[in-house]
Amino acid sequence: MTASPHTPLLRIENLSVDFRTDDAVVHAVDGVDLEVDAGEIVAVVGESGSGKTVTAMSVLRLLREPPARVSARTLAFRGQDLRGLSPRALRAIRGGPVGMIFQDPMTALNPVLSIGDQIAETVLLHQRKPDRKAARARAVELLGLVGVPDAAQRVKQYPHEFSGGMRQRAMIAMAIANDPDLIIADEPTTALDVTIQAQVLQLLQKAQRETGAATILITHDLGIVAELADRVVVMYAGRVVETAGVVELFAKPRHPYTLGLLASLPRMDTETDRLDPIPGNPPNMAAPPPGCPFHPRCALARDVCRTDRPPLFEISPDRRSACHFHEELA
Ligand SMILES: Nc1ncnc2c1ncn2[C@@H]1O[C@H](COP(=O)(O)OP(=O)(O)O)[C@@H](O)[C@H]1O
Ligand code: SF4
Ligand SMILES: [Mg+2]
């Protein structure tokens, strides 16, 4: 199926995900819209528990259903509806046109297969005429590409013989093995040492440039966002609360939650590195507060905030804010 020029690469409309447990329903994702165009890097940011991972996992139906219950008006990749696809068709997309990188490569890698076999497996799965020897050679090539030294030897090693940074490189190798159109990277560097984080990010950036793949970069590190992203989607309590181009978002946030996230960044332009974290904690998603879910923590909250849920107001074609008072923040 060919997509018309106005079909985004990925279109998610009104995605909701609930988890049913014995005594509660957790509304992990509540009406999320997300579009990604070919080649763009979209950062998804927000505190822990805001629904970033669940959103990403929903795209290729990686959540166990049940306990998850996923619904959406649209869930389309390259114009193709993902919802009716068979498990087999979904497997053909994962690791093929959509590459995925997770926070903890140890859970994503198979501990009893060598790194080389796992990369070769990904290559083989997407070859029209499976050629094991070519796939093995490609595995060595890919591992070299992602900067693993001595790749020809190290392909024979097992995940536990790789350091965290090297494992994440192997994950990137798998994600780009089949020339993806979209890379979904969920906190790809969070589990790594700071020095290794920078290297892995640079590598991810290089991989993105070379494949031209659009990227959904999930992170809580706004420094990474400023450096890499074209566009930012801010999530809070399972919803998108603000979206804007990266420059606009940093220069003029239009949602108090985004303001709070930015205020908690270490500042380069002042003497202090004092952080102002947002007071309080994200809500319990089994019983979110009425009105604006951010109101218990929001310094600007007024009466209407405690009763009326703000919709995602369109400020301009590529800018949205879910705050009743977004105009005052201009
Ligand atoms: N398998 C699950 N069962 C129940 N609740 C879950 C499950 N997975 C995630 N959640 C809940 O969904 C919400 C969103 O989680 P998540 O998407 O992982 O957040 P983030 O990635 O933004 O930190 C959280 O409240 C989390 O506790
Ligand atoms: S709607 Fe009200 S509570 Fe919510 S972010 Fe805006 S000002 Fe704060
Ligand atoms: Mg997460």
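Quick housekeeping. This is a predicted model, so local features need pLDDT of at least 70 and side-chain atom pairs count only at pLDDT 80 or more, while totals for chains, interfaces and linings use all residues. Residues are numbered from 1 along each chain as its sequence is written, chains are lettered from A and ligands numbered from 1 in the order in which they are written, and side-chain values use heavy atoms, with hydrogens and water left out.

Now, the ligand. Which residues sit around ligand 1? Going up the numbering, we have Phe19, Ala28, Glu47, Ser48, Gly49, Ser50, Gly51, Lys52, Thr53, Val54 and Met285. Being near a molecule here means having a heavy atom within 4 Å of it. By type, that shell divides into four nonpolar, five polar and two charged residues. For the record, nonpolar is Ala, Val, Leu, Ile, Met, Phe, Trp, Tyr, Cys and Pro, charged is Asp, Glu, Lys and Arg, and the others, Gly among them, are polar.

Let's zoom in on the polar contacts. That term means a pair of N or O atoms within 3.5 Å; within protein, one must be able to donate a hydrogen and the other to accept it, and sequence neighbours count only if both atoms are side-chain atoms. Serine 50 has a polar backbone atom 3.1 Å from an oxygen of ligand 1. For glycine 51, again through a polar backbone atom, the distance to a ligand 1 oxygen is 3.0 Å. Lysine 52 uses its side chain instead: an N or O atom there is 2.8 Å from an oxygen of ligand 1. Overall, the protein covers 65% of the 560 Å² of accessible area that ligand 1 has on its own. Those areas come from the Shrake-Rupley method with a 1.4 Å probe, and for residues only the protein chains shown count as cover.

Which element gives the most to that shell? Helix H1 does, with three residues. H1 runs over residues 52-59, and seven of its eight residues are buried. Buried means under 20% relative accessible area, exposed over 50%, and partly exposed in between, with a 1.4 Å probe and protein chains only. The buried ones are Lys52, Val54, Thr55, Ala56, Met57, Ser58 and Val59. So lysine 52 counts as buried because its relative accessible area is 6%.

Arginine 61 is in the loop between H1 and S4, and it has a positive phi of about 55° although it is not a glycine. Then comes another cis bond, joining proline 66 and proline 67, with omega about 10°. Proline 67 is in that loop too, between H1 and S4, and strand S4 itself covers 68-71.

Elsewhere, aspartate 150 also has a positive phi, near 60°. Aspartate 150 lies in the loop between helix H5 (132-145) and helix H6 (151-154). Buried or exposed, that aspartate 150? Exposed, because its relative accessibility is 55%.

Last stop, the cysteines. How many disulfides does a search of the whole structure find? Zero, taking a disulfide as a pair of cysteine sulfur atoms within 2.5 Å. Cysteine 292 counts as buried because its relative accessibility is 11%, and cysteine 298 is buried as well, at 16%.

That's my tour; over to you.

How values were computed
Helix = DSSP H or I, 4+ residues; strand = E, 2+ residues; numbered from the N terminus.
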